[in-house]
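Dear colleague,

Please read the notes alongside the coordinates.

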Amino acid sequence: MADDFDLLETDKSSTQGKVDVNWGKAVDQMKSKLAQEDDPEVRQRILNATLDDVVGMAEKDRGNLLDAIKDLTDYQDEVGIVFEKFSTLNPAEQKVIDQAAKDLERAKMELEDAENVADTWWQNLWGRKARIRKKEEELVAAQKTRDGADLKAKQMFQTRIESADVQTLLNELSYKSQAAVDRLKNREVEIKEVEDKLQVAIVEASKNHTKALEKKKETEAKLEQQYALLKQARQALEEISDKQSPAYSEAIGKVTTLEQEVEELEGLKNAYTTLAASKDSFVQKHNLTIKVLTSLRSNLQTHRAKLKSDTDERLKYYDGYVVALKARTDQEFAAILEHLGVKTDEHIGATLASMHSASAKARQEMMDNIPVHEKVMQGVYSSYAESLQEIRKKDGEIQKNFADRYGIDMKEIFEEYYATDANAPSGKNDDPTPPKPKASEPDDLLS
């Protein structure tokens with residue numbers, strides 16, 4: 001059965017399932033890790049952590065992420081990585097690049113259309129050459145804009161991530177990891193192509209090395225023959241005693257010709273020897289290069305496989321981290337609401353208690369004021385009774401004075417006056433006269 005789990009594949013269309021986390025095991029591992037923590041400060045910080053501490057730790061995480069992404073973005077320029085293919089751009093940033101590329105393409109087409117206009121005196125009369133110059137200038141400007149579009153988008157990107165939250169930075173880091181996976185894959189393909197070319201070069205170099213050795217051997221054989229002929233010619237030359245004879249001149253010519261041939265053959269021998277050594281050297285160099293490239297490709301493959309696998313897992317890991325941060329925020333929000341609710345309960349309770357206390361005190365004050373009020377009213381009633389007593393005393397004197405002076409008993413008149421309404425109309429016979437009160441009847445207010 002074929003194993004369909006290949007970490008070296010870069011198919012992004014594969015779906016990802018949810019991870020079944022064994023929380024019990026995870027907690028045990030965490031405890032074990034905590035127990036093995038070398039840094040006592042880190043361990044103590046974890047043990048004594050509060051929600052407020054988490055805020056500072058999360059902000060430190062954000063700062064570290066921001067610095068790392070800035071460094072990665074700058075590193076892209078150093079190694080020649082195209083910015084737009086290695087960073088997540090928002091619509092505004094992407095539009096800068098897309099618009100510049102679109103304008104450049106349009107400028108190229110317009111220049112081509114201008115150049116395609118027939119080069120006739122009539123068209124030139126109507127500004128053909130001027131239009132071409134204008135379109136060339138527009139193309140230069142469009143190319144300059146396109147060349148600066150990446151830098152402008154990068155500046156916008158850097159400004160945006162300055163204030164980005166942790167989730168945005170983690171997404172950027174994940175995107176760069178995924179882009180790196182594709183880049184490593186392309187680099188592996190490039191290395192493999194070079195390896196294949198070097199393999200062909202090794203074969204060719206080996207063939208040329210063999211041919212050079214064969215040619216060298218052939219040249220050495222010819223050289224041996226020429227050496228023998230040259231030796232014979234020199235002996236023949238020495239045997240001629242008449243140095244002025246034609247035979248001597250002919251012998252010298254023959255020796256000279258053989259020496260030239262020997263020189264040429266020695267040159268060929270040295271050339272074939274050098275060529276054979278060079279080809280042998282390049283066979284060794286190519287072999288070494290292939291070994292190095294194969295090792296690098298293998299390492300790239302390992303890094304890519306791990307990076308791809310780890311990136312897939314980190315996406316889930318980062319999701320958990322972001323959700324945890326949000327949960328921390330929600331928890332803090334809930335704590336604020338709880339605190340506010342408790343304080344509100346306290347305030348309302350204090351207000352209600354104050355209402356009850358104030359009401360009870362008011363009731364007590366009311367009860368305490370009743371005797372005072374009665375005492376005041378008693379004084380009022382006493383004054384009223386005293387006033388009535390003086391009035392009646394005065395009335396008695398008036399009655400006695402009238403009786404003495406006029407022989408009229410005024411007592412009945414005054415008693416009748418007090419028994420009737422002083423404001424009621426008089427002189428009508430049909431008004432009933434109220435009965436006279438008995439003299440001995442006491443006044444209710446005075447009892």
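I begin with Glu188, which counts as buried because its relative accessibility is 6% (buried means under 20% relative accessible area, exposed over 50% and partly exposed in between, with a 1.4 Å probe and protein chains only). This is a predicted model, in which local features need pLDDT of at least 70 and side-chain atom pairs count only at pLDDT 80 or more, while totals for chains, interfaces and linings use all residues. Residues are numbered from 1 along each chain as its sequence is written, and side-chain values use heavy atoms, with hydrogens and water left out.

Glu188 is found in helix α7, where helices (H or I, at least four residues) and strands (E, at least two) are DSSP runs numbered from the N terminus. Leaving aside neighbours within four places in sequence, Glu188 is in contact with Arg297, Leu300, Gln301 and Arg304, contact meaning heavy atoms within 4.5 Å. Glu188 and Thr294 are 106 residues apart in sequence, and their C-alpha atoms are 9.3 Å apart in space.

Thr311 lies in helix α8 and is buried, with a relative accessible area of 4%. Not counting residues up to four places away in sequence, Thr311 touches Ser174, Ser177, Gln178 and Lys306, and its C-alpha atom is separated by 9.4 Å from that of Leu173, 138 residues apart along the chain.

As to the fold, the secondary structure of the chain comes to 9 helices and 0 strands. Buried residues make up 19% of the 447 residues in the chain, and among contacts between residues at least 6 apart in sequence, 79% join residues at least 24 apart.

Leu65 touches Val166, Leu169, Leu170 and Leu173, not counting residues up to four places away in sequence.

Finally, a word on confidence. The chain averages a pLDDT of 76, and 77% of the residues score at least 70, pLDDT being the predictor's confidence in each residue, from 0 to 100. Confidence is lowest in helix α1 (residues 23–35), at a mean of 45, and highest in α7, at 88. Over residues 1–27 the pLDDT stays under 50, and the model has 20 contacts beyond four places in sequence for that stretch; over residues 424–447 the pLDDT is likewise below 50, with 10 contacts in the model beyond near neighbours in sequence. Where pLDDT is low, the predicted coordinates should not be read in detail.

With kind regards
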